[in-house]
Amino acid sequence: VTNRGATGAIVRDIIDADINVFTEKPLARTRAQISLIQDCLKKSRSDLRIGYMKRHDIGFLHFKNMWDLWLLNNELGKPLKIEAWSHAGDVCRPTHGYLMTDEPRPAGVEEWPASPDWLNNNSIDEYELFLNVHIHIFNWLCSLTQLNKVSAVKKNRENEVYIDFESSNFEVSMDCKYRLSGRWDEGAKLYFEKGDVMLRFP
């Protein structure tokens, strides 16, 4: 069991050894880190898979087929907007029966920076939380359309963060919230010219 910051360096070494890798996310925290991994893969015979990402679940793959068909046959008209939310709740805690090993984390392992160097130190914890918790919904959005850049970020007193993206074809927004209690709630509402579709994620 290693610290998250050591994941990238360990994966790099395994790729360099031409060994296939299945690793937990997040693999990298900066563009430079993921570029390094990509360069290593180009020189290696390794196959890299990053889990656990919900976009690979059978239900999500079924929806992706429906989405592609809607875009092709124009049954619902053009997509206008996607409003997604990720409200992380009480999960994977000892009270749920999950067990934690008492195995000590290895010392002296190379760790990569936790954030880009331009990020304010006061924001690093929130950045890591997003990469670990809310990356599922972000990754799913990226499977549907190209997100060009963040256009707006708002945060309320309850630490709920609203993010708007510039997309190639339609509006995309995310509502991110981390709660210490309550059920995990993720989903999205998709607006089309001829109707709406509501999704609730398991």
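A residue is called buried when its relative accessible area is under 20%, exposed when it is over 50%, and partly exposed in between (1.4 Å probe, protein chains only).

## Basis of the model

This is a predicted model, in which local features need pLDDT of at least 70 and side-chain atom pairs count only at pLDDT 80 or more, whereas totals for chains, interfaces and linings use all residues. Residues are numbered from 1 along each chain as its sequence is written, and side-chain values use heavy atoms, with hydrogens and water left out.

## Helix 3

Helices (H or I, at least four residues) and strands (E, at least two) are DSSP runs, numbered from the N terminus. Asparagine 74, which follows helix 3, has a positive phi, near 60°.

Phe60, Phe63, Trp67 and Trp70 are the buried residues of helix 3. Viewed down the helix axis, these buried residues fall within an arc of 75°, so they line one face of the helix; the arc is that of the directions from the helix axis to the C-beta atoms. On the face turned away from the buried side are the exposed residues Ile58, Asn65 and Leu72. The buried residues of helix 3 pack against strand 3 (79-88), helix 4 (124-144), strand 7 (185-192) and strand 8 (195-201), contact meaning heavy atoms within 4.5 Å.

## Nonpolar cores

A nonpolar core is a set of buried Ala, Val, Leu, Ile, Met, Phe, Trp, Tyr and Cys residues joined through side-chain atoms within 4.5 Å. The largest has 29 residues, of which Phe63, Trp67, Ile82, Trp140, Leu141, Met174 and Leu190 touch the most other members. Helix 4 provides the largest share of this core, seven residues. Beyond its neighbours within four places in sequence, phenylalanine 63 contacts Trp70, Trp140, Leu144, Leu190 and Leu199. Another core, of nine residues, lies apart from the largest one and includes Val11, Val21, Leu27 and Leu48.

## Serine 44

Serine 44 lies in the loop between helix 2 (31-42) and strand 2 (48-51). With a relative accessible area of 14%, serine 44 is buried. Its side chain reaches the backbone oxygen of isoleucine 15 at 2.7 Å. Not counting residues up to four places away in sequence, serine 44 touches Ile15 and Asp18.

## Cysteines

The whole structure contains zero disulfides, a disulfide being a pair of cysteine sulfur atoms within 2.5 Å. For cysteine 176, the nearest cysteine sulfur is that of cysteine 142, 12 Å away. Cysteine 176 is buried at a relative accessible area of 5%.

Notes. Polar contact = N/O pair within 3.5 Å; in protein donor to acceptor, adjacent residues only side chain to side chain.
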